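We will go stop by stop.

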Amino acid sequence: MGRLTERDEFGNTDIIGVDSMDLQCNLEFDEFNKVTNALNKLAEYEELEERCCKENSWGLKMLTEKWKEFIEDIQELYEYRKAEEQNRLIKLPCAVGDTVYSFSFYRVYVMHVESFITYEDHIDVRLVSDTPENPFLKCDIDIKELGKRWFLTREVAEAALKELERGKGE
């Protein structure tokens, strides 16, 4: 089988016989980036195959391993895509261990994400404080409360607290 990809004059990878503008127009930005990354990897494998075939048969063994890796990468991407289409993929706003901020009693607290708890109808984030003055502070908050009761930056948390204080002062 011949090559599936070719490089343009700028070194970008194109699929032979496919108009790349059609791809760009029919895919979301993130999807197009994933396809571009996969095509670049495929082009690298094809170039490696050509080089290996020119050099010696030892290269074929190395090429076989690279192809296996490529197929595994494509299968993993396919599984993620399928899960996303079936609404089985959850995109969380942050990761376990991240520093976040919450407020209570007119004070902003530095918290860390300990875990996410999934329920049938919602997901909670478990926040814990590891500051010496509040070593036992722990709370579970619906992730939909991001931007209302918990925040990814101190500045946004402080601004929300000031807005709350302003509303109670009127």
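Which residues does Cys94 touch, not counting residues up to four places away in sequence? Select Cys94: the residues touched are Val100, Val113, Phe116, Trp150 and Leu152. Contact means heavy atoms within 4.5 Å.

A note on the model. It is predicted: local features need pLDDT of at least 70, side-chain atom pairs count only at pLDDT 80 or more, and totals for chains, interfaces and linings use all residues. Residues are numbered from 1 along each chain as its sequence is written, and side-chain values use heavy atoms, with hydrogens and water left out.

Next, the core. Cys94 belongs to the largest nonpolar core, 11 residues in all, including Tyr109, Met111, Ile123 and Trp150. Such a core is a set of buried Ala, Val, Leu, Ile, Met, Phe, Trp, Tyr and Cys residues joined through side-chain atoms within 4.5 Å; buried means under 20% relative accessible area (1.4 Å probe, protein chains only). Strand 4 (107-118) and strand 5 each supply at least two residues of this core. Apart from it lies another core of 6 residues, among them Tyr101, Phe103, Val108 and Leu161.

Now show the strands (DSSP runs of E, at least two residues, numbered from the N terminus). An open sheet holds 5 of them, in the order 6-5-4-3-7, with antiparallel pairing. Two strands pair if DSSP finds at least two bridges between them. Strand 6 (138-142) and strand 7 (150-151) are at the edges with a single partner strand each, so one side of each has no neighbour in the sheet. Select strand 5 (residues 123-128): 5 bridges join it to strand 6. Finish on Val128, whose bridge partner in strand 6 is Lys138.

Conventions
Helix = DSSP H or I, 4+ residues; strand = E, 2+ residues; numbered from the N terminus. Buried < 20%, exposed > 50% of the residue type's maximum accessible area, 1.4 Å probe, protein only.
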